[in-house]
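Take a look at the model below.

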Amino acid sequence: MNRKIIPVLLILAAACLALAACMNNGANNAQPTPDATANYAPNNTDGNAYGTPNESRDGNAAGNGGVTNNTGATGASGATGATGATGAAGNTAASTDGALNPFDWANGAADIEKAIARISEISEARVVVTNTTALVGVKFDNAYKGEITERIREMVAAEVLKADPSIQTVAVTATAEDVKKVYDLSEQIRSGRTADELAADINAIVRNATTLR
């Protein structure tokens with residue numbers, strides 16, 4: 001073998017040994033690839049839990065990655081019923097069971113007589129009542145020179161019915177003789193007698209042709 005080739009072969013052999021040694025060291029120094037870890041989302045601070053099963057916050061359970069429901073809002077209180085409107089004021093009072101109580105003519109007649117006297121043609125009036133019939137005797141104002149008219153009758157009747165809607169007949173007289181009798185009957189009732197006791201006298205005046213029309 002040529003002596004010049006021997007040194008070249010030795011150099012190549014040494015180079016191969018050095019390269020193999022380097023490769024072996026590199027293999028020994030290599031780090032193993034780590035296993036991938038699970039990525040869990042953090043717990044939410046608003047009370048909705050995420051991540052591990054059955055984890056709870058504020059009593060709300062959450063599953064794997066599940067979101068808990070918010071606590072239901074409290075239902076609004078029902079509105080208070082409106083209070084029933086008070087019926088229009090009237091002189092006939094209503095009892096607790098809704099039935100109308102009779103107007104107390106024995107004690108309340110004077111107020112109705114004052115209301116009738118405010119009619120421009122009338123200066124004074126008296127009212128006596130028996131059952132559902134009212135008899136009214138009126139005296140005219142000195143300035144009024146006329147007689148009783150249908151308009152005056154209607155205005156007088158309106159005041160009586162306003163006080164007691166149960167009245168079915170309103171008789172009005174301006175005849176001096178009958179008016180005197182009505183005043184006398186009114187005074188007897190105010191003295192303690194009842195209208196029932198005087199019913200016959202009241203009805204006799206009511207039936208006069210000049211009174212009931």
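**Charged pairs and the fold around them**

Glu121 is buried, at 11% relative accessibility; the cut-off for that label is under 20%. Keep in mind that this is a predicted model. Glu121 forms a salt bridge with Arg151. The closest N and O atoms of the two are 2.7 Å apart. The pair links distant parts of the chain. Glu121 sits in the loop between H2 and S3, while Arg151 belongs to helix H3, residues 150-163. They are 30 residues apart. Arg151 is partly exposed, with a relative accessibility of 44%.

Which residues are linked in a network of salt bridges? They are Glu113, Arg126, Glu187 and Arg190. Start with Glu113 and Arg126. Their side chains meet in a salt bridge at 4.0 Å, N to O. This pair, too, links distant parts of the chain: Glu113 lies in helix H2 (residues 105-117) and Arg126 in strand S3, 13 residues apart. Glu113 counts as buried at 7% relative accessibility. Arg126 is also buried, with a relative accessible area of 13%.

Now follow Arg126 to its other partner, Glu187. Here the closest N and O atoms are 2.9 Å apart. Glu187 is partly exposed, at 38% relative accessible area. In total, the structure holds seven salt bridges.

Step back to the whole chain. Its secondary structure comes to five helices and five strands. Along the sequence they follow the pattern α-β-β-α-β-β-α-β-α-α. Of the contacts with a separation of 6 or more, 47% are between residues 24 or more positions apart. Buried residues make up 28% of the 213 residues. The chain exposes about 14,800 Å², and carbon and sulfur atoms supply 53% of that area.

Finally, return to strand S3, which spans residues 122-130 and includes Thr130. Is Thr130 buried or exposed? Thr130 is buried, because its relative accessible area is 3%, and buried means under 20%. What does Thr130 touch, leaving out residues up to four places away in sequence? Its contacts are Ala195, Asp196, Ala199, Ile202 and Asn203.

Methods:
Residues are numbered from 1 along each chain as its sequence is written. This is a predicted model: local features need pLDDT of at least 70, side-chain atom pairs count only at pLDDT 80 or more; totals for chains, interfaces and linings use all residues. Side-chain values use heavy atoms; hydrogens and water are left out. Helices (H or I, at least four residues) and strands (E, at least two) are DSSP runs, numbered from the N terminus. Buried means under 20% relative accessible area, exposed over 50%, partly exposed in between (1.4 Å probe, protein chains only). Contact means heavy atoms within 4.5 Å. Accessible areas come from the Shrake-Rupley method with a 1.4 Å probe; for residues, only the protein chains shown count as cover.
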